[in-house]
Amino acid sequence: MKQHELDNRLSTIEDKLIRIERRRAPSAAEGAGDRVYLLCEREQVFEICRFLFEDLALRFVISTGVDAEDCFEVLHHFANDESGCIATVRAFIRDRENPEIESITPLIPGAEWIEREMHDVLGIGFKNHPNLRRLILDDDWPEGVYPLRKEVQT
Amino acid sequence: MNWKLWSLKKSIWVFHVNTGACNNCDIEIVNLLTPKFDVERFGIKLVGSPRHADALLVTGGGTRQAAVRLREVYRQTAKPCVVFCMGACACGMGIFEKGYHMAGPIDKIVKEVDPNAIIAYVPGCPPKPETMISGVVKALSAL
Ligand code: SF4
């Protein structure tokens, strides 16, 4: 899929997004290193990921969780290997007290462990996740302490 | 020399314990067994159980989850035994020092079980196989 083709397809979900940002690695070869950020609220994340994964057949790479102080961000990264373009869905979770977002594991089984990891270290809940047990923290780590949150000092 | 020490130093069998290493130290340890370094010519052999071992080769800084296991492995190792801290992580937690998940360093964890444990340190990130061999030789000659 060529770049402009991807752009055209992305415009069909524009109403679900806050906005689209583009960045490009300065030294990258033509076409490679292109990144598209799709900024959205947490309610839209499943539908956008479904579109990228099923309709555009992008490959799911990994997810990232960020504590951005005023909110949490969950970033799902998708790649189009043909063009070298990476599309990142950047979802904002505004509720810090009870952060929750829809899980994409029912759609993409490969996301199961990274969502469990984000749940462990940031305390983000994933709705509809089939198996949200502790993954990487040690067995006697206290419940309710999330080590990668900004307010936690080690 | 007391006969226990004499037999300990004769041909040491080692058990490898990873307590949260990045795997690089472990690769260097495996490297020791390849034909290029071939530590078996010195009688150093990797064994599958701490009960058969004279020495523990510990890599990694000692995570909270691994600390419990390391103490158990140390308890089960036939005494006297030597604990080798392989790499910067094992010697002093290295780059993971401030991590929320750390319980190390290794000497502290082992000394909780046995305050008189014999501990040798081989620094490096990772130490070269040559350094590891020389560390073992130095530790054994100091006993
Ligand atoms: S000392 Fe270096 S190479 Fe060895 S486990 Fe630690 S970080 Fe990895």
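How many bridges join S4(A) to S5(A), and do they run parallel or antiparallel? Nine, and the two strands run antiparallel. That pair is a handy way into this structure, which is a predicted model. My notes follow, chain A to begin with and then chain B.

1. The S4(A)/S5(A) hairpin. S4(A) and S5(A) make a hairpin with four residues between them. In the turn, A:Gly84 has a positive phi of about 75°.

2. Two non-glycine residues with positive phi. A:Glu69 has phi of about 65° and is in the loop between strand S3 (59-67) and strand S4 (72-80) of chain A. In chain B, B:Met93 has phi near 75° and is in the loop between H4 and H5. Which of them is buried and which exposed? A:Glu69 counts as exposed, at 53% relative accessibility, whereas B:Met93 is buried, with a relative accessible area of 11%.

3. The sheet of chain B. Five strands form an open, parallel sheet in the order S2-S1-S3-S4-S5. Strand S2 (45-46) and strand S5 (118-122) of chain B are at the edges with a single partner strand each, so one side of each has no neighbour in the sheet. Further in, S1(B) (residues 13-18) and S3(B) (residues 55-59) pair over five bridges, and B:Asn18 has B:Thr59 as its bridge partner in S3(B).

4. A helix over the sheet. Helix H5 (residues 106-113) of chain B lies across S3, strand S4 (82-86) and S5 of chain B. Its direction is at about 170° to S5(B).

5. H2 against H6 in chain B. The axes of helix H2 (residues 24-32) and helix H6 (residues 129-142) of chain B come within 9 Å and cross at roughly 75°. The two helices are therefore roughly perpendicular to each other. H2(B) brings B:Cys25, B:Glu28, B:Ile29, B:Asn31 and B:Leu32 to the contact, and H6(B) brings B:Pro129, B:Met132 and B:Ile133. By class, that gives six nonpolar, one polar and one charged residues.

6. The ligand shell. Which residues are around the ligand? They are B:Ala21, B:Cys22, B:Asn24, B:Cys25, B:Gly87, B:Ala88, B:Cys89, B:Gly124, B:Cys125 and B:Pro126. H2 and helix H4 (88-92) of chain B are the elements that give two or more residues to this shell. The shell divides into seven nonpolar, three polar and no charged residues. Note that B:Cys25 is part of this shell and also of the H2(B)/H6(B) contact.

7. Cis peptide bonds. One joins B:Lys79 and B:Pro80, with omega about 0°; B:Pro80 is in the loop between helix H3 (64-76) and S4 of chain B. Another joins B:Cys125 and B:Pro126, with omega about -10°. B:Pro126 is in the loop between S5 and H6 of chain B, and both B:Cys125 and B:Pro126 are among the residues around the ligand.

How values were computed:
Residues are numbered from 1 along each chain as its sequence is written. Chains are lettered from A and ligands numbered from 1 in the order in which they are written. This is a predicted model: local features need pLDDT of at least 70, side-chain atom pairs count only at pLDDT 80 or more; totals for chains, interfaces and linings use all residues. Side-chain values use heavy atoms; hydrogens and water are left out. Two strands pair if DSSP finds at least two bridges between them. Contact means heavy atoms within 4.5 Å. Axes are lines fitted to C-alpha atoms, for helices over the stretch in contact, and angles run from 0 to 180 degrees between N-to-C directions. Angles under 35 degrees count as roughly parallel, over 145 as roughly antiparallel, 65 to 115 as roughly perpendicular and the rest as oblique. Ala, Val, Leu, Ile, Met, Phe, Trp, Tyr, Cys and Pro count as nonpolar, Asp, Glu, Lys and Arg as charged, and the others, Gly among them, as polar. A residue is near a molecule or strand if one of its heavy atoms lies within 4 Å of it. Buried means under 20% relative accessible area, exposed over 50%, partly exposed in between (1.4 Å probe, protein chains only).
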